Amino acid sequence: MEGAISKELAPNFEFSDEIRKERQIAVTDCYQCAKCSAGCPLTFVMDFLPHEIIRLSGLGQEEMVLGSKTIWVCSACETCTTRCPNDIDIAGVMDFLKERSVRSGRLVSQKSVLAFHKAFLEDVRLSGGRLNESLLLGLYMLRSGEGLRKFKTGGLKEDVKLGLQMFKKGRLSVKPPQKVQVLDEIKNLFEKAKS
Amino acid sequence: MKVSYYPGCSLEHSAKDYEESIEAVAALLDVQLEEVPDWNCCGATAAHSINEQLALALPARNLVNAEVKGQDVVVPCALCFNRLKVAEHALLGPDAATLGLDYQGKIKVWDLLDYLTQEPVMAQIKEKLKKPLGGLQTVCYYGCVVARPPKITNRRDYENPTNMDRLLKDLGANPYPWSYKTDCCGAGFTISRPDIIDTLVQKLYDRALEAGAECFVVSCQMCQANLDIPQERIGKKAGKKYYLPVLYFTELIGLALGHPDVKTWFSRHFVDPVPLLQRKGLL
């Protein structure tokens, strides 16, 4: 029946092959029982349910899954992966899709989430191997544009108040963390992971 | 008992109360914690979300450093524990060569709660008990990734862990059964999507109250932060007034064993546990 379905809807198994090759995860094993979606605590903020992401990935609908909200609001709680009767690492697929969408330079649907991840890794690199939590908040505010937005809307006051409270309780410090002694090892890890 | 210790980044700062109570309790139980030499961040959710290579390389370096000492390593943070276990599987798996590291897998990676609820340690706790926790009504909240996925964590009781409940019973508290022991608190979304935290955590508050709890007991500093810090905000948004202190299991061991510094740990909490503990005659 060649030509009976439009090119856009025709299944394309290159994408699922790639997931199998890169992460050893077989999305095509899914028989759509939706157990993953039934147990997922984050469905209330998703545009596609987890079993739909798996199905779309299996059919090669790359643009749909990479542009989805779902992959970014997954909290990686691993409930889906744990319960899948076909042993599909669904949370692992979400990670693959996030990394793919960033590396392919697509517009990410959840900018604040990506800004947080980037700020976190930048922080660890700048701080010499360990996370500086105070710096993380600053980097995130800059990266996400949240700082400016909150400054304009007056929301920054709340954040500053919270920061001061944490400081008073000894849960936020201006003292940076100790740097890793063999700093070159950390630098190399980050350098290698860039490509 | 000597054991290696991987504290993780937040224990020096936002989870200082966890760090202080861990060190205090370890000393009371004759557990000598020795920091993993020159440890680094495990990469956490950020790395496994957008950089798979870093997500393995960062924790793998810690394991290699820990193995030099040859002692098992205990990890108090749920996510650090999970990431070290993921790295362990990678280092001992079929694609280990791609990591280019020499790791024999001679040491075991322990979640701190598992380590402290081993039979000999529990026996010591019972023996040294000074102030039983007089029917403190609690629910144990274990968090996500210490249990899941079991292929990585090697747990059997991943849907319904019970070791914290057993510990709390031994300490004299009353841990109620509830269905949200390993549900998600939203973790890192606390900064990038606080609205998600509000929904997830409010559900936990309501279900804990329904179960009859007066407080939460946790074994993860991210869970502690998400349940403790925004409690007032979440209450306001929901038009309710919550009062549910969020205690580390190590703080409660310290309290029951009569450690003098408990008030310092509690002073770091946003939801002050002191009124509850005074009402129970425990302070």
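Two residues are taken to be in contact if their C-beta atoms, placed from the backbone, lie within 7 Å, while helices (H or I, at least four residues) and strands (E, at least two) are DSSP runs numbered from the N terminus. This is a predicted model, in which local features need pLDDT of at least 70 and side-chain atom pairs count only at pLDDT 80 or more, whereas totals for chains, interfaces and linings use all residues. Residues are numbered from 1 along each chain as its sequence is written, and chains are lettered from A and ligands numbered from 1 in the order in which they are written.

Chain A has 12 helices and 0 strands, and its C-alpha atoms fill a box of roughly 70 × 40 × 30 Å along the principal axes. Of its 195 residues, 39% are buried, a residue being buried if 20 or more other C-beta atoms lie within 10 Å of its own, exposed if 12 or fewer, and partly exposed in between, with C-beta atoms placed from the backbone.

Within chain B, an open sheet of 4 strands runs in the order β6-β5-β7-β8 with parallel pairing, where two strands pair if DSSP finds at least two bridges between them. Because β6 (174-175) and β8 (246-248) of chain B stand at the edges with a single partner strand each, one side of each has no neighbour in the sheet. Strand β5 (137-141) of chain B pairs with β6(B) over 2 bridges, and Gln137(B) stands opposite Asn174(B) in β6(B).

Two helices lie across this part of chain B. Helix α8 (163-170) of chain B lies across β5, β6 and β7 (215-218) of chain B, at about 155° to β5(B), and helix α13 (249-256) of chain B lies across β7 and β8 of chain B, at about 75° to β8(B). Here axes are lines fitted to C-alpha atoms, for helices over the stretch in contact, and angles run from 0 to 180 degrees between N-to-C directions.

Where the chains meet, 43 residues of chain B are in contact with 42 residues of chain A. On the side of chain B that touches chain A, the largest share, 7 residues, comes from α2(B).
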